[in-house]
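Please read it with the sequence and the structure at hand.

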Amino acid sequence: MKRAAPAFDRSPSALRPRRSIPLGIVMAVFLIYAFLPLVWLLINATKTQGDISTTFGLWFGSEFALWDNIVETLTYGDGIFLTWLANTMIYVIAGAGGATLLATLAGYGLAKYSFPGKRAVFAIVLGAIAVPGTALAVPTFLMFSQLGLTNTMWAIIIPSLISPFGLYLIWVYAVDAVPTELLEAARVDGAGEFRTFFTVALRLLAPGIVTVALFAIVATWNNYFLPLIMLNDPQLFPLTIGLQQWNLQATGVGSDPIFHLVITGSLLTIIPIVIAFLLLQRFWQSGLSAGSVKQ
Amino acid sequence: MVVFALTFIAPLVYSVYLSLFRDQLVGGNVFVGLDNYAQAFADEKLLEGALRVGAFLAVQVPIMLVLALIAALAIDSKRLAGSSLFRIGLFLPYAVPGVVAVLMWGFIYSERLGLAGDVNDTVGFDLMTPLSGDWILFAIGNIVTWEFMGYNMLIFYSALRAVSHDVYEAAAIDGAGQFRIIWNIKLPALRGALVIATIFSIIGSFQLFNEPNILKSLVPTLITTFYTPNMYAYNLSFVGQQVNYAATVAIIMGVITAVIAYVVQLRGTRGGAR
């Protein structure tokens, strides 16, 4: 199709304005702000205890002690850091995995089947999103202690299983991403409900599921308040509580100065989660925007 | 559904139940009706904490949301080289555990170990004292902003991407400049996302706990056990053993949060086209 006026050319390049240098500078400032503490952490994880306090924070110290620090972090206190890491993995796999599974099944069910009281369920889910986790944590603790569940792994896993936000996301996502006609076609072809779900719906829902899984993983990996109140046995701690424990040990009265372990431990704690985010970015970016991108 | 009931409904009901009782030296656990609530409303510690998070909310949330908005608009403007780097880079802090974020910033703030100390050494006097009484709330605000700015940016950016390109084209043909487009097209398109982000930020502010509680180990004298209502509830139930009163405080704060979030939602959606 030809247009009379070339100025209205529909090619993308015509719509794309010039690069803006000032805008780039502003955004670079944002980026520096976002990276500053991470860079600080990375650099200081390579320093010895003495260098941390005596040398300039954003440059390397006199010795490169990263490997020594890592070894010491992993072996300090009979390798308790590795126990914390293993605990965190258990909480993430059981809690976030379970939360994703439940949110997917429930969200899909709510999106694709109609039943009486659906509007009420929707209202309850929305309300549940607004109830902050920390407000529930204290009552949950009191209740769990009646049931004898505190100071066990279940105390962390069970509350992690519920993700109203994840359910909501899958619900909204499934309404758009899984065409009802497709499900009906599958039913006509004689596929059972479960078969339909696993062969047709699951594939279409994948970006949404990855998004929910990723947010559940982050929430569980980073959870602090819940384990703080539920657990008092260091053998059950996740990394977040363990690190704070070390930090208290380093700053408290009669302290054992292990700042270098707190710093190196922090670095080791964020590496897996950052890698997960970067590897899965294609999925979560499309999952997050898919709900809103419809033309 | 069973799990949902166990972790959501039951704790709520149980805490309401708890809030109506009181453990007394004489007579043990007795039903006291709304006495705990009367006590809470007259409690200066709770009031102080609530006012503090209120002030925090009024300053930190607008700053964070405006910064996130600027970042989202900049990335969406297509006038930026390497916009995906900025998008992912700014979002990265969200993935960092809150504990680690506070520890990192805490070290940086520290005058003995961190950058603040380095700056002070350079200029020769105490220019930066983020861990002092005047600045501690700003120090906390900075940590929270750092953690959640990228997350909010991504919400805004997703909403902006939903705007059809035809609209921009039509506006450009009509002679609208960049700022005109932002004001008349992009901001109205962001209305829903702004409401959601504001509500989540309000909830987050009222529930402020992790940051002050971890910073407390660095500055035990500045951050009291009732610094925020959530810390107050935590300390009441785990240090003071006053579980009934703690449940009362938790319920009051929950109700206040819900009411404010609801008002924001009403005001945000009213007048919108939808």
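## A buried threonine

Thr269(A) has a relative accessible area of 0% and is therefore buried, a value that, like the others in this report, was computed from a predicted model. The residue is placed in helix 13 of chain A, which covers residues 259-279. Leaving aside residues up to four places away in sequence, Thr269(A) touches Phe81(A), Trp221(A), Leu239(A) and Leu243(A), and it also touches Pro97(B) and Val100(B) of chain B.

## Helix 2 of chain A against helix 4 of chain B

Helix 2 of chain A, residues 21-44, packs on helix 4 of chain B, residues 83-95, at an angle of about 35°, and the two axes lie 9 Å apart. The crossing of these two helices is left-handed. Helix 2 of chain A contributes Gly24(A), Met27(A), Ala28(A), Phe30(A), Leu31(A), Ala34(A), Phe35(A) and Leu38(A), which meet Leu85(B), Phe86(B), Gly89(B), Leu90(B), Leu92(B) and Pro93(B) of helix 4 of chain B.

## Helix 2 of chain A against helix 5 of chain B

Helix 2 of chain A also packs on helix 5 of chain B, residues 98-109, here at an angle of about 85° and with the axes 10 Å apart. Because angles of 65 to 115 degrees count as roughly perpendicular, helix 2 of chain A and helix 5 of chain B are roughly perpendicular to each other. On the side of helix 2 of chain A the contact is made by Tyr33(A), Leu36(A), Pro37(A), Leu38(A), Trp40(A) and Leu41(A), and on the side of helix 5 of chain B by Met104(B), Trp105(B), Phe107(B) and Ile108(B). The residues of this contact divide into ten nonpolar, no polar and no charged.

## The two faces of helix 9 in chain B

Which residues are buried in helix 9 of chain B? In this helix, which spans residues 178-189, they are Ile181(B), Ile185(B) and Lys186(B). Viewed down the axis of helix 9 of chain B, the buried residues fall within an arc of 85°, so they line one face of the helix. As a general point, an α-helix has 3.6 residues a turn, so residues three or four places apart point the same way.

The buried residues of helix 9 of chain B pack against helix 3 (44-76), helix 7 (136-161) and helix 8 (165-173) of chain B. The face turned away from the buried side of helix 9 of chain B carries Phe179(B), Arg180(B) and Trp183(B), which are exposed.

## A positive phi in a loop

Asn151(A) has a phi near 60°, a positive value in a residue other than glycine. Most residues other than glycine have a negative phi. Asn151(A) is located in the loop between helix 6 (133-147) and helix 7 (154-160) of chain A, and with a relative accessibility of 28% it counts as partly exposed.

Chain A contains 14 helices and zero strands, and of its 295 residues 46% count as buried. Among the contacts in chain A with a separation of 6 or more, 70% are accounted for by residues 24 or more positions apart.

The secondary structure of chain B consists of 13 helices and two strands, and 53% of its 274 residues count as buried. For chain B, residues 24 or more positions apart make up 65% of the contacts with a separation of 6 or more.

Methods. Residues numbered from 1 in each chain as written. Chains lettered and ligands numbered in written order. Predicted model: local features only at pLDDT ≥ 70, side-chain atom pairs only at ≥ 80, totals over all residues. Heavy atoms only, no water. Axes fitted to C-alpha atoms, helices over the stretch in contact; angles between N-to-C directions. Helix = DSSP H or I, 4+ residues; strand = E, 2+ residues; numbered from the N terminus. Left-handed = near helix turned anticlockwise from the far one by under 90°. Contact = heavy atoms within 4.5 Å. Buried < 20%, exposed > 50% of the residue type's maximum accessible area, 1.4 Å probe, protein only. Parallel < 35°, antiparallel > 145°, perpendicular 65-115°, else oblique. Nonpolar A, V, L, I, M, F, W, Y, C, P; charged D, E, K, R; others polar. Arc of directions from axis to C-beta.
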